[in-house]
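Hi there,

Here is the structure I promised to pass on. My notes follow below it, so please have a look at both when you get a moment.

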Amino acid sequence: MHLLGNLIWLIFGGFCMAIGWFMCGIVAVITIVGIPWARACFTLGLLSLWPFGKSTIRRDDLYLSGDIGTSALGTIGNIIWLIFAGIWLAIGHLLLGLVFCITIIGIPFGIQHFKLAKLALLPIGVTVTDSDIADLARNMSAADKLDLMRRR
């Protein structure tokens, strides 16, 4: 089912938005200063091509340890990203999401665009993985947090 959804997605908007992500990534690499953002662009560009069956999760929830992207520097990077590129990619995803939600058949595609619009705003510190792995990591993280709360 994921394959069929991804193929339909690719034809009706996924390819266009992926091109937008890849173009932002290329511009980021060319500027040299934007190289830290380029990785997020290419990762989320691939997600824009094939979103069904994939999910995003914060890296500190997945790996149970922080890194530079999940720290205060990652927050600063997200703010810079939001100003220069994130808002434009988010607007593109929001507009396509609204167009798809007009029809009943397009609602799943509209929802995917809304998820990608949220990611377009703050992509630093997030990684893409299979939906099953992300759900398992979130459940384990929630269980660990609950254990910590019970110990207090």
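The side chains of Arg-58 and Asp-60 form a salt bridge, with N and O 3.4 Å apart (a salt bridge being a side-chain nitrogen of Lys or Arg within 4 Å of a carboxyl oxygen of Asp or Glu). Arg-58 is partly exposed at 34% relative accessibility, and Asp-60 is partly exposed too, at 24% (buried is under 20% relative accessible area, exposed over 50% and partly exposed in between, using a 1.4 Å probe and protein chains only).

Before going on, a word on the source: this is a predicted model, in which local features need pLDDT of at least 70 and side-chain atom pairs count only at pLDDT 80 or more, while totals for chains, interfaces and linings use all residues. Residues are numbered from 1 along each chain as its sequence is written, and side-chain values use heavy atoms, leaving out hydrogens and water.

The count comes to 2 salt bridges. Asp-130 pairs with Lys-54, their closest N and O atoms lying 3.0 Å apart. This pair links distant parts of the chain, 76 residues apart: Asp-130 belongs to strand β2 (residues 126-130) and Lys-54 to strand β1 (residues 54-58). Helices (H or I, at least four residues) and strands (E, at least two) are DSSP runs, numbered from the N terminus. Asp-130 is partly exposed, with a relative accessible area of 35%, and Lys-54 is partly exposed at 38%.

Next, a proline. Pro-123 sits in the loop between α5 (107-121) and β2, and is buried, with a relative accessible area of 3%. Leaving aside neighbours within four places in sequence, Pro-123 is in contact with Ala-40, Leu-44, Asn-78 and Trp-81 (contact means heavy atoms within 4.5 Å).

Helix α1 (residues 2-30) and helix α4 (residues 72-101) pack at about 175°, their axes 11 Å apart. Axes are lines fitted to C-alpha atoms, for helices over the stretch in contact, with angles from 0 to 180 degrees between N-to-C directions. That makes α1 and α4 roughly antiparallel (over 145 degrees). On the α1 side are Phe-12, Gly-13, Met-17, Gly-20, Trp-21 and Cys-24, and they meet α4 residues including Trp-81, Ala-85, Leu-89 and Phe-100. By class, this contact has 9 nonpolar, 4 polar and no charged residues (Ala, Val, Leu, Ile, Met, Phe, Trp, Tyr, Cys and Pro count as nonpolar, Asp, Glu, Lys and Arg as charged, and the others, Gly among them, as polar).

Best wishes

Methods. Angles under 35 degrees count as roughly parallel, over 145 as roughly antiparallel, 65 to 115 as roughly perpendicular and the rest as oblique.
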